[in-house]
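User: I'm new to this one and would like a close look at a single part. Could you walk me through it once it's on screen?

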Amino acid sequence: MDRSRQRPDLVIFDCDGVLVDSELLSCQCLVDELSGFGISLTLAQALELFLGRSTSAVTQHYRGLGQAMPADFPVRLKSRVLTAFEKALNPIPDADTVLSGLRVPNCVASSSDLDRVALSLRVTGLAPHFGDRIYTAQMVTHGKPAPDLFLLAAEKMGARPARTLVIEDSVSGVLAAKAAGMTVWGFVGGSHYRGRDGQAILSRAGADRVFAHMNDFWEDA
């Protein structure tokens, strides 16, 4: 797809850090939950290691290091995150405006589980834009950075990967989209990119374009 001349047949949005400004909240919840059973992780490390990854990826990471993980870790982390989201989650500025004006089929594909994505979209008022067009890592064997989730979303939406545009804020998401044969734009407008060179981070991962403001969605595209 020549992104400068053509509109895609499908736009796939990641949720966390693209539609909702959740990454700092969720990573802080991860830091706090891990500290409860003796694992030290800074917020910067959480962003570096787990941005865009699923809870199962966190568990696999620490088990791979020989760290015992409580069986109820996913449940406890989810509860902590949902509580934080209910209290403090905000939409990405101008996300509602972009979605309202979008004349291209679109959906959400997220590493978070369905309950978390649904709550995120509900709390921020974005849920009506998507209905049941939500696909999550629970629906595939391999999450991001594998291409499985994006390929599933495109298949369900009846779009060819080569005519699909993905909007992502994480390295793992960019890698997944490129592995799926899709065009991917990196978005760095979330609060987790303050003080970090998101342009360089996502460009190095292979993003075809990087932008920082939703109201610039189609600009120079």
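From which domains does the lining of the second largest pocket draw at least three residues each?

Analyst: Keep in mind that this is a predicted model. The lining of the second largest pocket takes at least three residues from each of domain 1 (10-21 + 89-218) and domain 2 (24-88). The pocket itself has a volume of about 190 Å³. There are 14 residues lining the second largest pocket, and Leu47, Glu48, Leu51, Val171 and Ser172 are the ones nearest its centre.

Now for the helices. Both α2 (43-50) and α8 (171-179) supply at least two residues of that lining, and α2 gives the most, with four residues. Sorted by type, the lining of this second largest pocket holds nine nonpolar residues, two polar ones and three charged ones.

The largest pocket is lined by 36 residues, and Arg53, Ser54, Thr55, Ser56 and Ser111 are the closest to its centre. Two or more lining residues come from each of α1 (23-35), α3 (55-64) and α4 (73-88). By type, the lining of the largest pocket splits into 13 nonpolar, 14 polar and nine charged residues. Here too, domain 1 (10-21 + 89-218) and domain 2 (24-88) each contribute at least three residues to the lining of the largest pocket.

Conventions. Residues numbered from 1 in each chain as written. Predicted model: local features only at pLDDT ≥ 70, side-chain atom pairs only at ≥ 80, totals over all residues. Heavy atoms only, no water. 1 Å grid on protein atoms, 1.4 Å probe; cavity = no way out; pocket = protein on both sides within 12 Å on 5 of 7 lines; lining within 4 Å. Nonpolar A, V, L, I, M, F, W, Y, C, P; charged D, E, K, R; others polar. Domains from an automatic or database assignment. Points joined across faces, edges and corners; volume = space filled by probe spheres on them.
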